[in-house]
Amino acid sequence: MQKKSLWKRIAGLLLLGVMVMSITGCGDSSNEAGKGKEPTKIVFWYAVGGKVGEATKTLVKEFNDMHPDIKVEAVFQGDYDSAINKLKQSIASKSTPNVMQVYDIGTRFMIDSKAVVPVQKWIDKENFDTSSYEKNILAYYTVDNKLYSMPFNTSTPLLYYNKDMFKAAGLDPDNPPKTFEEVAADAQKLTQRDSSGKVTRPGMAMAIYGWFFEQFLAEQNAQYANNGNGRDAMATAVSFNSPQGEKVLNWWADMVKNGSAVNMGRKTEDTMKAFVSGQTAMTIDSTGVLGDIMDGVNGKFEVGTGFMPHPEGSANGGVIIGGASLWMLSGHSDAEEKASWEFIKFMTAPKQQAFWHIKTGYFPVTTAAYDDDELKKYDAKYPQFKIAIEQLHNTPINRSTQGGLLGVFTQARQEIENAIEHVLAGQASSQDALQKAADTVNDAVARYNSSVEK
Amino acid sequence: MYLIPSLSLFIVFIFYPLLKSIKLSIFNSDLVGRETTFAGFSYYSEMLNSSQFLHSLLVTLLFTFYTVVPGILIALFLACMVNSELKGIAIFRTIFAFPLSIAVAGASMIFMMLFNPSSGVFNYFLQLIHLPAVFWLSDAHWALLSVAIISIWRSVGFNTIVLLSGLQAIPEQIYESARIDGAVSWRQFIDITLPLLSPTLFFVCIVSVINALQTFGEINILTQGGPMEATNVIVYSIYREAFFNTNFGYASAESVVLFLLILICTLFEFCFLEKKVFYR
Amino acid sequence: MATINFYQVNKEFGDYTAVAPFELTVKTGEFLVLVGPSGCGKTTILRMLAGLESPTKGQIFLDGDDITELEPKNRDIAMVFQNYALYPHMTVYNNMAYALKLRKFNKKSIADAVNKAAAMLDLQDLLARYPRQLSGGQQQRVALGRAIVRQPKVFLMDEPLSNLDAKLRVQTRTRLIQLHKKLKATIVYVTHDQIEAMTMGTRIVLMKKGVIQQVGEPIELYQKPVNRFVAAFMGTPPMQFLNGEISRKGNNNIFQNENCRLILQGECQFIGRACIGIRPEDLELCSVEQSCSISGVITIIENIGAESIVHFNVGDGQLAMKLTGMGTVLREGEIITVRPINLVHVFDETTGNSVARLCPLCSSPDNH
Amino acid sequence: MKKNCVRYLILIVMGLIILAPFFYAVIVSFESAEDTLAFPPVFVPGEIYIKSYLEAFRTAPLVIFIINSFVVSLSVTVGQVITCSLAGYAFAFLEFPFKKVLFIIFLSTMMIPAESIIIPNYFTIRSLGWLDSYQGLAVPFMASAFGTFLLRQYFQTLPREIYDAARIDGCGRLRFFLTMVLPLSKPAIATLAVYAFLTTYNQYMWPLLITNTDGMRTVQIGLAMLQWDQGISWNTTMAGIVIVSLPTVILLIAGQKQLVKGLTAGSVKG
């Protein structure tokens, strides 16, 4: 008897718990109710936070305000890596978003996932004019003559230098070094040592970032992988273990060895901070942080920018664009796909790109954006950015500067960084380190390719 | 009957996934992690033959050593310090327990700032005492230690609380009798405190080792396994293989091995250490 | 009415036999004491009776009903534990009321029962307190009260006095005896203390290593121990023993070893290696060596005021003698000569079983 | 007395060392971007700069996140207290077949790396339709081997006789559990609660994986959003860390006493 009443009480409690849960759990779904002339809802995953995320959200809001028939729900998915992992889960569970921001090196993977709709489909369908888009940028995302994704946030690396220090070291502040050799020489001059010869301020600080290595290869018109950098056919092996690759590492390691460059690890934030706080005279970083650097320096010294250096005598090279693009995922209704396309067009339109550029420092992907008044003002304020645009426009479009396509690019980048670390620490020769990295990556490529074929 | 809630949750959210992992480890998989073809034990043999895996294993063990031993020693010291009835001791107990309340991500970012090579506080202090700056996270010799420092900082709070509770359980009379027997304080510590604390120490040991073997957050945020793989512990390697290198089978094989490793460690501790543990 | 029958009950833990099969009847209103050294199985019997353990084999009946498999709560028993097992988070009142609450008594009858029991145990002022605020004796009374409130058929008590100091123990002993008389309840009481057994029990069950040695009234166990173990266990100071040989000479029996020779009267079938037991109060000093006297060297004299106990060695055997009165002229190291009076217990040396109870015969004329 | 002074000195120094990182984080959160980059580091901000806090709140809907985190952490805490106390009770008081084996199985779950089972769990949650919901965030963590172990250890210290006494008094197992074990184990349960709350509150990977909307996100993801801004200055990130840590710090200060008590009582004989 007693036992029963006790049980009843427990059951009651449990029920209450479940109810509370379901009430709280359902709280947010209420606003989805009510059918009828409901706007087409599309989900947009983005992977940029902070100031850039803010700008993204602003653009999405603007779009929603202007398009009452479409409702874009923008969801932050952590950084690029987290986002793409999340995508993998959602592909397996068929719950992909409509539009997603994916980083440059995820391109091969996205194509191979077979879960995407190339934007080319809609370009062809609507005869959309892409002539105003930056050629170099489109080139990166064009595979098999199809534009797979729409470039969105785009950047290239730049050489940043402290003009005041250049002056103090007797260098021409308006003539930054252009070649490896010049950089090395200037770095030497810019390096300060104390009486005992210990370096107190290195001339150069460069983060161990695989992206930079890729850039230095492209600057020498060398390819990262075979089969036309993986663009003529699926890459079956990497080719960065080349004399050009060794040249990069040797140059870098020499500078570190003689103290004119410092190894601060993989984080560009660290080298940037060193540059901003006047602890080094030169650094390499993305155009995307130009605004941050200017804010950080805040007039303490004059910031100069220069092209990415290349070894003397190399030709036909240039920079590869980095950043991310917008992808359309397959498996959604036509209405949603159409809405997604509208959204993508909006996000890359001149006005929005101008706003984007001002807020974030990324390149406008369309040249039309340069006519925007606000943008003109902004670029007048930051003449340093002109160099970035010049650098982009000076870059010839070829397989090298289009950038490599590799399904295992994340891994490859990591292996490269690992190799650089070994070389800078003097634990391996450039040749050995690159060879080892290439071997590892080639294994991964083989495995990747075999898993894709199935 | 009382076990049903726990057991069912465990089955659904731990054992089923574990079996799934084991299954994944003997299958090839596609890009998004669906099993495709049977692979047998090829992933295991690949792993055991890979120098990188052995390196990871070594790093993991080193890291466990770096964190567990100092972590427990410091906590033991702190616990002894706060195991008294001094005025205001509660404040210190709270202070020592404090790191418990900071999330991994938060702690890692704070330390990232402190470790910063150009404007970090640590290097500033080094400079004050005329030592050369250290590249805490980018120097392969230091990186693992640096990450260990954070781990220790984070775990010291929990360990201190647990050890303190163990210390408080030791009856005062035992100390009094030891004093009468003529034991000086460090003797008391060796002869009385340690043996009587051994069950608690044992518990802390097991939990610390398990936690150390599973450390992930700090490494993911601070070093991503680098530099030169110096901090590439197995858990991180699993994460990287599965999520970046789309090598689910290999990652699963690694996690099965990690599970076995932890299991062996724990069983070892249970069988070997427990014998030396004094139970009241 | 509460009669308990144990029928062939035994308990094994793995291959360890805690209680060998035994049969026992506890009569209504009896104060039955289970006594024996620790590990003898007495507590196990109690716990089986309570339903906290189930017997490996056998059955237990309460008033003719088989309760072997019954849940403890359905047995109508109450138990007092050695450490009282008071519920730390309940007041004294609630501790006592708890069992009744579970049995859905109404508030009023619970209050009545608790107050009545509290009055019986002088607990009225403590009802609102928590166990941790009570002294050991008070806690003990609460534990008793908790049992009394239930008005069970049988009270089970597991060494309830062992956590009390000596003085309190004596007081509580008296209280328990009074309670037993007042309640006319059946009590099964476990203790290792033979004084408790002697003073409180209407009957005693003496156990050793899971086997019942003897069941009987206290005086019976004291006077007629069935074996050497019972003889040694009952009585303080305990009975002492000498090894020797029993032979027959005419109508008398002769006990002899290297150090002494005793002539014993009475019927005795036994001849051969034996062991005699003499209680310290069954010895008296004698001035001269007599035919039945025993001499030895005094090792220790325990003086407890009203009486003293003199321990002395007889060869490699040991005897003790109780002397009444304050002090004594005897000194440690002296030679003492004594003679047995009243009873000499004879045990088979090999089995330890009692074979005879004989009277010493002294030939000396100065025998008074 | 001198001994006490030494002890205090050591305590203060150690306390400062342990607190320093977080204190510094608080200081930096009030510094301007320029100050945070200065070398030598600025320990006393020239002026209190609260813009980082506003920025932090603007970048991520931290209030919603904090509410979410609380809902999830509380559910997990309540869930763990229920499941762990039930299981702990069974292991401490009841006899049943395979008890030892089951206990080892329970303990072994402590050793399974969370990362290795996260993907299958994701699919389970998805097939339950619990993605982006409080259930999905909380339910998988409602059982805990650590908690079971902790409570079992504590329960074992409750005098066995109380269990016997209660049985004789007519108390069923469940009732004994509810009216005796639970009230008597408050400290241990409080310990478990605080611990469960803190660990859940600090989860990162799982919430990121299974939530899709800002309405369901938890604070640690807010931190990740803020991390983007650390490019140039620390202040916003640190402000975020301070905001996010505040609830747990308060909880710890409030619960610390219970925590020590709970763990202590676990080893002291009742």
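**View 1. Antiparallel pairing around strand E21 of chain C in a predicted model.** Strand E20 (residues 344-348) of chain C runs antiparallel to E21(C), and four bridges join the two; two strands are taken as paired if DSSP finds at least two bridges between them. Helices (H or I, at least four residues) and strands (E, at least two) are DSSP runs, numbered from the N terminus. Residues are numbered from 1 along each chain as its sequence is written, chains are lettered from A and ligands numbered from 1 in the order in which they are written, and side-chain values use heavy atoms, with hydrogens and water left out.

View 2. Side chains of opposite charge can pair when their charged atoms come close. With a salt bridge defined as a side-chain nitrogen of Lys or Arg within 4 Å of a carboxyl oxygen of Asp or Glu, the structure holds 31 salt bridges over all chains. One of them pairs Asp232(A) with Arg399(A), whose closest N and O atoms are 2.8 Å apart. This pair links distant parts of the chain, 167 residues apart, since Asp232(A) lies in the loop between helix H10 (226-230) and helix H11 (243-257) of chain A and Arg399(A) lies in helix H18 (residues 399-402) of chain A. Glu342(A) and Lys338(A) also meet in a salt bridge (2.8 Å, N to O); both lie in helix H14 (residues 334-347) of chain A, four residues apart, about one turn of the helix. A network of salt bridges links Glu126(A), Lys338(A), Glu342(A) and Lys345(A).

**View 3. A salt bridge between two strands of chain C.** Glu245(C) forms a salt bridge with Arg273(C), with 3.7 Å between the closest N and O atoms. Because Glu245(C) lies in strand E11 (residues 240-249) of chain C and Arg273(C) in strand E14 (residues 272-278) of chain C, the pair ties together parts that are 28 residues apart in sequence. On a scale of relative accessible area where buried means under 20%, exposed over 50% and partly exposed in between (1.4 Å probe, protein chains only), Glu245(C) is partly exposed at 38%, and Arg273(C) is partly exposed at 42%.

**View 4. Cysteines of chain D.** Counting as a disulfide any pair of cysteine sulfur atoms within 2.5 Å, the total comes to zero disulfides over all chains. The sulfur of Cys5(D) is too far for a bond, because the closest cysteine sulfur, in Cys80(B), is 20 Å away. Cys5(D) is exposed at 52% relative accessibility, whereas Cys84(D) is buried at 0%.

How values were computed:
Predicted model: local features only at pLDDT ≥ 70, side-chain atom pairs only at ≥ 80, totals over all residues.
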